[in-house]
Amino acid sequence: MQEQREHRQAEEVTWRKIQNEELQKLHSAQHHLWFNVGAYLLISVIEFYLAIIGHSQTLRADALNNLAGIISAVLLLIGIFIARDIGDDDLMGRPLPEDSQQNGQRLQLARFHYETVFTLITGVIMIAISINVMYTGIKSLINQTTQEVPQPITLVGAGIAMVIMLIVWWQNRRAGLKLQNAALTAAAQDSLSDALTSLGTLIAIAGALLFKIAWLDGVASIIVGVFILAAGIKIFRESSLNLADYFDPQAELQFKKAIEKFPDVRKVEELNAHYNGNMVTLDIIIGVDAHMEVKDSYRLGEEIETQMRRQFGIVDTDVMAVPAE
């Protein structure tokens, strides 16, 4: 009993350390996302103003795309704020079951899901904005009498947007890799797509000005909409798979092979990995000698958990031992 009590205390210390590290990463991610909000806000204001005075559908579409970036960053900030809130004992105002209230680790892992939820909402908003952009572009092509060749000033807006977006993408990508943060990774994908979109906007406006082709502006705005749609679908797909408890089968196979290397493990009967925000947890059932003592199977489970944490960074591994057939 004393050994188990000491082990539980050691596990609690380890969990607190892991939790604090993850919360610190989320705190750093918040600072980067606030930088995103400021950058997107600046670009949107500039592009909207220049699109109005320069009569450019493509620049307006790019401005709407960057407006989506503001909404995305704010939603991700909300998700991270909820994930970092460890000062209460309930979740979104609803009481938890008694066993959850006694388990701070389970509660915090549940909170980490909110970052993924708001990342998914970001993808939905990007898809909605892309549909609006494409509809506007198609409408302008149908009513060609209302089309005008953009003014040269619109090139300035597209150029500024492209440069700022490349800076934002580099910052998000570097921070996302360093912090292993899904929100920043999604933001990096979004900002790279925005930089390419601004580049396409720049080329389209330059082509319309050079060749005096009014309809090229409308076609380019549709292409911008397609880029936004592709980025939104990608973010939505990855987030929804995580929330649906999908995990890469190849990664699960690596986990299984690592566990089967333990001499006392006859067979891995079942293995399920789960995402909790950016953190991975594991549930496994192992087959062992039917005559193995309880204390030995317990010790084996702890050794497996330690190895999975050390080798793969899995924060929590629940092991159930059953007699091997």
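Let's start with Glu325, which sits in the segment after strand 3 (316–323). Keep in mind that this is a predicted model. How exposed is Glu325? Its relative accessibility comes to 99%, so Glu325 counts as exposed, given that the cut-off for exposed is over 50%.

Now for the aromatic rings. How many aromatic pairs does the structure hold? There are two. In Phe247 and Phe255, the ring planes meet at 50° and the ring centres are 6.0 Å apart, so this pair is tilted. Phe247 and Phe255 are both buried. Phe255 turns up again in an edge-to-face pair with Phe312, where the centres are 4.8 Å apart and the planes are at 70°.

Here are the two pairs laid out:

| Pair | Centre to centre | Angle between planes | Kind |
|---|---|---|---|
| Phe247 and Phe255 | 6.0 Å | 50° | tilted |
| Phe255 and Phe312 | 4.8 Å | 70° | edge-to-face |

Where do the partners Phe255 and Phe312 sit along the chain? Phe255 belongs to helix 8 (residues 249–260) and Phe312 to helix 9 (residues 294–312), so their pair ties together parts that are 57 residues apart in sequence.

What about their cover? Phe255 has a relative accessible area of 6%, so Phe255 is buried. Phe312 has 27%, so Phe312 is partly exposed.

Terms used. Residues numbered from 1 in each chain as written. Predicted model: local features only at pLDDT ≥ 70, side-chain atom pairs only at ≥ 80, totals over all residues. Heavy atoms only, no water. Helix = DSSP H or I, 4+ residues; strand = E, 2+ residues; numbered from the N terminus. Buried < 20%, exposed > 50% of the residue type's maximum accessible area, 1.4 Å probe, protein only. Phe/Tyr/Trp six-rings, centres within 6.5 Å; stacked < 30°, edge-to-face > 60°.
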